[in-house]
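Dear colleague,

Here is the structure I promised to hand over, and below it you will find what I noticed when going through it. Please keep the view open while you read, so that you can find each part for yourself.

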Amino acid sequence: MPEKEPQEIMLRGIGGSPGICIGKAYLVDKEGVDVMPKYSVSGKQLEAEKKRFKAAVKKAVDELHHIINDTPEELRENAKILETHAVLLKDKMLYGRTIETIEQEQINAEWALRKVVMSIKPLFEGMGDAYLRDRAEDVANVSDRIFKHLTGAGCVDIGSINKRVILVARDLSPAETSQIQLERVMGFVTDSGGRASHTSIIARSLEIPAVLGLDRATSIIQNDDIIVVDGTSGTVVVNPSEETLAEAETRKSQFEARRALYARSGHLPAKTKDGLEMAVMGNIELPEEVVAVRDRGGDGIGLYRTEFQYLARSSFPTEDELFENYKDVVEVIPDKPVTIRTLDINGDKAVAYTAEQEENPVLGLRAIRYCLKKPNVFLTQLRAILRAAHYGQVRILLPLISQIEEIIETKKLLAQAARSLKKDGLPHQDRIPVGVMIEVPSAAIMADAIAKEVDFFSIGTNDLIQYTMAIDRGNRNVAYLYNPITPAVLRLIKHITEAAQHNHIPVFMCGEMAGESIYAPILVGMGVNELSTNPQAIPVVKNAIRMLNVEQARKFVDELLKLTTTDQIERLMDSTYGSLLNNGNHMKWER
Ligand code: PEP
Ligand code: MG
């Protein structure tokens with residue numbers, strides 16, 4: 001009997017990064033430490049089980065010592081917590097009792113460790129003393145580290161993939177995504193995630209198609225299945241028929257041809273029909289991406305997300321490492337602005353070696369809050385930025401500002417960094433423009449007062465939407481609420497731009513909204529002065545701006561702001577865009 005053709009299946013998710021790729025699926029097996037194997041062991045196996053546990057603890061201790069030793073002298077203070085963890089790993093209560101439990105209850109190491117942790121954590125949690133109560137967190141942290149070595153679960157070793165594939169994973173963290181090597185990975189799909197997650201932002205920077213929030217992709221797709229990933233429409237076809245494949249190939253070539261057409265005009269200025277020239281800059285996560293920004297016609301770097309240099313490693317980078325990276329970027333475009341954003345870790349960009357574990361990390365010790373709590377970590381970065389500023393046009397951008405006090409405190413540290421550099425005789429720039437991300441509603445509300453303290457605003461719509469609408473930007477279940485043109489978000493943006501204008505400071509936008517050319521009429525009409533986006537969107541956004549007339553865009557925004565539902569706003573956009581565009585332009589309006 002002839003073998004039956006596998007059935008074609010269409011999956012719908014969220015388009016994370018545009019483009020189409022066709023290839024073999026590679027399932028990333030990342031179970032995490034939640035899935036705990038439970039089994040009995042007896043006789044001779046018991047010795048082997050205890051040995052396995054001891055080996056995992058040794059690996060965990062070695063790992064911690066490695067991190068501690070790699071921590072630069074000036075940041076040693078921060079590594080103290082890890083020393084506590086290293087001691088705790090060998091503590092009788094945890095180590096001794098787990099071995100006893102394996103022996104007495106004849107169960108595997110993971111199960112025994114979980115039982116012991118469950119019994120000692122409440123002891124700490126119930127203690128009156130806050131310091132001792134916090135040790136419950138340390139126990140959890142340490143046991144996670146052992147679990148990781150027992151189960152072999154850890155970071156996805158994307159670097160070890162040796163064929164050109166499409167990754168299929170339950171989830172990919174921003175750090176994992178940033179390690180993707182383009183010669184091996186054509187695109188990726190994940191069960192979880194949303195369009196504004198850092199994972200999809202990185203996919204757009206890497207210019208690889210991605211579909212997120214597919215829910216059950218990892219249970220439907222098998223290793224080596226042929227799949228078609230369409231990051232523009234947010235669909236994945238598993239086992240495509242000949243016909244589907246041919247059709248996908250055609251769409252792929254059309255997409256690439258269109259992108260090439262836009263790219264050719266990338267270097268022309270983004271000047272509206274009535275002569276307003278807007279800078280369109282690039283967002284980068286890694287220093288080497290500056291080349292893509294320059295080649296796509298970017299007018300500078302509007303957002304350098306510096307945290308990625310802290311993520312895929314085991315300890316804090318040194319001042320010299322940071323400086324070299326920043327200088328590398330600045331030297332590629334010395335005549336154009338480079339906006340270096342200070343460390344925005346935690347939230348969905350957790351750094352393992354900081355040992356901060358929080359219940360609600362997105363509302364926790366993230367970004368500027370973390371930096372102000374760890375002035376040594378912050379000063380190291382501030383010094384590196386001021387040193388790099390000597391080689392070009394650097395401006396500094398502070399993330400997640402939620403009150404003025406944070407700006408004042410940071411400016412003091414910046415002055416301290418400048419003084420210490422002077423004392424050390426290192427070339428640097430004393431004063432550079434200081435701007436803030438407006439991405440927390442409290443900062444948006446206080447924009448008028450904040451504007452008096454800073455040189456510029458940069459609106460971070462990714463977080464502004466998240467915090468305004470009370471939705472996790474990476475959660476597929478509430479992705480329907482994640483929309484930059486909801487009336488509340490539009491009114492906030494208007495409020496921010498007006499505050500900047502009253503105080504005569506420029507207002508930029510570096511959130512993903514800036515890279516969607518469909519929103520260009522709104523942003524031009526609101527008076528945003530500069531846009532920054534992933535490199536591939538630069539020519540598309542520039543093209544959109546060239547089709548506009550500022551006066552018309554302003555009138556359109558006035559009408560838009562009277563509306564009270566997203567639906568009404570969408571309808572007005574649909575009905576007005578035809579007349580806002582210069583139809584003589586040979587390029588189409590596109591997302
Ligand atoms: C934003 O929040 O809009 C932003 C640009 O910052 P990030 O995406 O890195 O949080
Ligand atoms: Mg942000």
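Leu167 has Phe188 of β5 as its bridge partner, and this is one place to start in what is, please remember, a predicted model. The two strands concerned, β4 (residues 165–169) and β5 (residues 185–190), pair in the parallel sense over 5 bridges. As a reminder, strands of a sheet pair through backbone hydrogen bonds, and they do this either parallel or antiparallel.

Helix α7 (residues 198–206) packs on the sheet, where it touches β2, β5 and β6 (210–212), and its direction makes about 50 degrees with that of β2. Helix α9 (residues 242–264) also packs on the sheet, but touches β3 (20–27), β7 (226–230) and β8 (235–238), with a direction that makes about 120 degrees with that of β3.

The sheet itself is open and has 8 strands in the order β1-β8-β7-β3-β4-β5-β6-β2, with mixed pairing. Because β1 (9–12) and β2 (14–17) stand at the edges with a single partner strand each, one side of each is left without a neighbour in the sheet. From one strand to the next, the twist averages 30 degrees.

Strand β8 deserves a careful look. On one side it pairs with β1 in the antiparallel sense over 4 bridges, and there Arg12 has Thr235 as its bridge partner. Strand β7 is likewise joined to β8 by 4 bridges and runs antiparallel to it, with Asp230 standing opposite Thr235. The hairpin of β7 and β8 has 4 residues between the strands, and in it Gly234 takes a positive phi near 75 degrees. In a regular strand the side chains alternate between the two faces of the sheet.

Which residues of helix α3 (residues 92–105) are buried? They are Leu94, Tyr95, Thr98, Ile99, Thr101 and Ile102, and because they cover an arc of only 155 degrees around the axis, they lie on the same side of α3. The face turned away from that buried side carries the exposed residues Lys92 and Gln104.

Finally, the magnesium ion (ligand 2) has Glu439 (OE) and Asp463 (OD) as its protein donors, at 2.0 to 2.1 Å. The pair links distant parts of the chain, 24 residues apart, with Glu439 in the loop between β14 (434–438) and α16 (441–445) and Asp463 in helix α18 (residues 461–469). Both Glu439 and Asp463 are buried.

How values were computed:
Residues are numbered from 1 along each chain as its sequence is written. Chains are lettered from A and ligands numbered from 1 in the order in which they are written. This is a predicted model: local features need pLDDT of at least 70, side-chain atom pairs count only at pLDDT 80 or more; totals for chains, interfaces and linings use all residues. Side-chain values use heavy atoms; hydrogens and water are left out. Donors are N, O and S atoms within 2.8 Å of the metal (3.2 Å for Na, K and Ca); water is not among the atoms, so sites may look incomplete. Buried means under 20% relative accessible area, exposed over 50%, partly exposed in between (1.4 Å probe, protein chains only). The arc is that of the directions from the helix axis to the C-beta atoms. Two strands pair if DSSP finds at least two bridges between them. Axes are lines fitted to C-alpha atoms, for helices over the stretch in contact, and angles run from 0 to 180 degrees between N-to-C directions. Contact means heavy atoms within 4.5 Å.
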